[in-house]
Amino acid sequence: MVNITFPDGNIKAFENAPTGLDVARGISEGFARNCVAMELDQTLVDLNREITRDARVRLVTTKDAEGLEVLRHSAAHVMAQAILRLYPEAKLTIGPAVEEGFYYDIDMDPVSEEDFPKIEEEIKKIIRAKLPIRRREVSKAQALEFYRDEPYKLEMLSQMEDGTISFYEQGEFTDLCRGPHVPHTGFVKAIKLVKVSGAYWRADPTRAQLQRIYGTAFFTQQELEAYLTFVEEAKKRNHRKIGQALDLFSFHDEAAGMPFFHPKGMEIWNALLEYWRLEHRAAGYVETKTPIMLNRALWEKSGHWDNYRENMYTSVIDDTEYAIKPMNCPGGMLVYGSKPHSYKDLPLRAAEIGLVHRHELSGVLSGLFRVRAFHQDDAHIFMTPDQIQDEILGVLHLVERIYSTFGLGFHLELSTRPEKSIGTDAQWEHATNGLKSALDVYGREYKINEGDGAFYGPKIDVHIKDALGRTWQCGTVQLDMALPERFNLTYIGKDNEKHRPLMIHRVIYGSIERFLGILIEHFAGKFPLWMAPVQAAILPINDDLVPYAQQVKADFDQAGLCTEIDSRTESLNRKIREAQLNYVPLILTIGGKEKESGTLAVRTLDGKIKYGVTHETFLDTVQAHIHRRELSLPIFQD
RNA sequence: GCCAGCGUAGCUCAGCUGGUAGAGCAACUGAUUUGUAAUCAGUGGGCCGGGGGUUCGAGUCCCUCCGCUGGCUCCA
């Protein structure tokens with residue numbers, strides 16, 4: 001007799017030792033068909049595991065996140081089985097489930113995506129066979145014997161504790177695995193191989209290069225197709241593609257990883273910064289600017305020479321070593337230290353749009369997302385110890401305000417002291433607690449990443465969520481108790497004594513280049529009016545109307561709008577089509593009627609047309625819309 | 001940096017087993033003077049990423065460099 005306690009508190013008695021499947025069937029056959037694993041006293045195990053004593057059981061179904069993870073892990077096994085059938089000499093290493101699917105690292109001759117159909121064919125055979133997946137437990141000695149010709153598995157085994165080792169078997173295939181797995185291979189019906197790449201064994205470049213084959217799997221074909229559609233949509237939104245199509249920026253071999261911004265890209269850039277300055281002024285910031293090149297002594301003082309040199313561009317000028325700044329902070333320290341400060345000056349919020357250079361590995365460069373030269377919307381906040389919480393809260397509120405303007409959600413993560421770091425234990429503790437207490441007051445949930453902090457202090461990272469649901473780390477708030485010390489920064493307190501200020505580094509856009517890239521993908525190139533590179537296209541319907549159209553454009557120029565006139569001798573249809581394809585939010589067609597009546601025909605990007613809009617109404621509407629930085633298209637009254 | 005794939009006209013791409021480069025769009029010229037997503041015709045345009053090699057002959061094969069794209073511990 002075994003008593004099973006369900007998550008809702010109900011208890012049910014079973015004869016003998018039921019399996020998870022028996023328990024599920026006790027609820028209903030239909031429910032049982034959707035079960036893939038179970039949580040037995042907090043541990044995820046196979047559905048066919050026998051329950052031999054009283055326990056708490058939660059059945060994991062195809063609807064649960066853990067269920068999908070189990071499926072994908074099983075999918076990795078199915079793929080490995082197929083590959084071993086086709087490439088018997090292949091040696092398996094590890095094959096985990098990952099966020100978007102799974103992969104298996106295999107030591108074999110290079111394969112390419114052209115080999116996928118063949119592998120997928122074999123995978124289908126295994127799925128159709130509905131091979132039962134069985135767990136088998138053996139001693140470590142037996143496992144070592146079984147894997148005597150499998151060097152990677154042997155290495156893995158040697159690092160495991162002595163005792164019971166579990167294997168999973170399906171048909172002729174056996175793999176060392178802790179499980180759990182779905183009951184049989186028939187569950188893996190919606191599977192697709194995605195890509196292949198190289199990966200080192202144990203991520204160690206000195207060790208064997210393996211083939212990492214990625215795939216993804218879902219419980220239904222529909223979910224798989226929805227995922228593939230998502231991937232397609234993300235491809236369409238690729239900022240490199242849109243950036244080229246809209247003539248926003250380019251890259252050149254002459255400066256790999258360093259973007260060149262074109263006039264239209266600069267329109268967006270300037271709109272971003274104009275808005276940024278407005279918000280920062282309102283939040284009590286001042287702005288500074290420091291040189292991009294500073295001498296070695298400065299970097300030794302800041303600690304960068306010891307901790308960050310491999311990423312810094314250096315040069316020798318008049319026998320003195322210089323480095324191009326990878327961060328703005330040391331320059332900011334010098335500005336603060338250039339004159340005495342009173343406690344009455346604090347907090348001092350000094351922002352800087354700083355151009356930094358970092359020598360990233362050539363292989364990691366990627367459009368605007370990973371570059372070697374970029375601008376940070378940096379700020380250094382100098383304060384007294386009792387101002388920590390308010391200042392961090394102030395930054396979090398500014399972050400929230402700015403991201404919401406773009407329709408971006410976000411979540412927070414706290415990172416603590418890494419192994420390679422400067423400062424004392426006491427400083428780290430004080431700094432970390434300061435961030436925690438501010439987060440608690442702020443009230444949103446946050447995740448903790450142990451050991452992920454910067455070398456000079458703990459940090460709060462802000463991860464935004466874009467229109468496709470993808471997350472990107474942009475903002476960061478870092479408390480630094482080390483740099484003020486190294487630069488001997490002080491302020492005069494009420495007691496007329498010198499005190500050490502505390503400092504926050506923070507960015508909100510992060511890298512402006514990268515943030516712009518994210519926005520391109522977030523908006524799919526269809527920027528809201530206030531940041532559109534061309535806000536309105538003016539299209540005269542024939543050559544005779546060009547002079548009048550130019551007059552209209554001149555009025556708009558005066559009003560501060562960014563407009564373009566298409567005076568080519570082309571059909572109106574063509575001009576409209578091209579403006580639409582360039583995502584110009586407003587299209588103004590100028591014909592005889594508009595000239596005579598002094599009105600405008602306004603076509604918005606959604607294809608809606610409003611005739612007879614007066615110039616005054618148009619400008620009032622557009623300017624108010626821009627001023628409010630609205631995300632949706634403006635609506636015009638007659 | 002490492003592995004794989006890629007680099008042909010401004011853009012997107014074709015060019016079989018080596019035989020001397022082609023399309024669509026764009027640009028330019030001319031005609032058309034257009035009322036809400038492509039008017040028609042013609043013309044020009046290429047150190048086939050750079051360098052070296054094999055060959056009678058290289059966009060095509062080999063080496064090397066540069067660049068781009070994807071990946072490079074979510075660890076049985």
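In chain A, residues 24 or more positions apart account for 68% of the contacts with a separation of 6 or more, a contact being heavy atoms within 4.5 Å. The structure is a predicted model, in which local features need pLDDT of at least 70, side-chain atom pairs count only at pLDDT 80 or more, and totals for chains, interfaces and linings use all residues. Residues are numbered from 1 along each chain as its sequence is written, chains are lettered from A and ligands numbered from 1 in the order in which they are written, and side-chain values use heavy atoms, with hydrogens and water left out.

**Overall form**

The C-alpha trace of chain A spans about 90 × 75 × 55 Å along its principal axes. Chain A holds 20 helices and 33 strands; these are DSSP runs numbered from the N terminus, helices being H or I with at least four residues and strands E with at least two. Of its 638 residues, 51% are buried, where buried means under 20% relative accessible area, exposed over 50% and partly exposed in between, with a 1.4 Å probe and protein chains only.

The domain assignment, which is automatic or taken from a database, gives domain 1 (2–61), domain 2 (69–228), domain 3 (249–291 + 326–523) and domain 4 (529–628). The centres of domain 1 and domain 3, taken over C-alpha atoms, are separated by 49 Å.

**Buried residues**

Helix H6 (residues 151–158) has Tyr152, Lys153, Glu155, Met156 and Leu157 buried. These buried residues pack against several elements, among them helix H5 (140–146) and strand S13 (209–218).

Arg72 lies in helix H3 (residues 65–86). Arg72 is buried but has no salt bridge, and Glu100, the nearest side chain of opposite charge, is 7.9 Å away. Among the residues that Arg72 touches are Val98, Phe102 and Phe218.

**Salt bridges**

A salt bridge is a side-chain nitrogen of Lys or Arg within 4 Å of a carboxyl oxygen of Asp or Glu. By this rule the count is 38, and the table gives some of the pairs.

| Pair | Closest N and O atoms |
|---|---|
| Glu232 and Lys235 | 3.7 Å |
| Arg277 and Glu287 | 2.7 Å |
| Glu391 and Arg349 | 2.8 Å |

Glu391 belongs to helix H13 (residues 388–405) and Arg349 to strand S20 (residues 348–357), so this pair ties together parts 42 residues apart in sequence. Glu391 counts as buried because its relative accessibility is 7%. Shared partners also join Asp566, Arg568, Glu570, Arg574 and Glu578 into one network of salt bridges.

Glu232 and Lys235 are three residues apart in helix H7 (residues 221–236), and are therefore separated by about one helical turn. Glu232 is partly exposed, at 42% relative accessibility.

Definitions and conventions: Lys and Arg count as positive and Asp and Glu as negative; His and the chain ends are not counted. Lists of a residue's contacts leave out its neighbours within four places in sequence.
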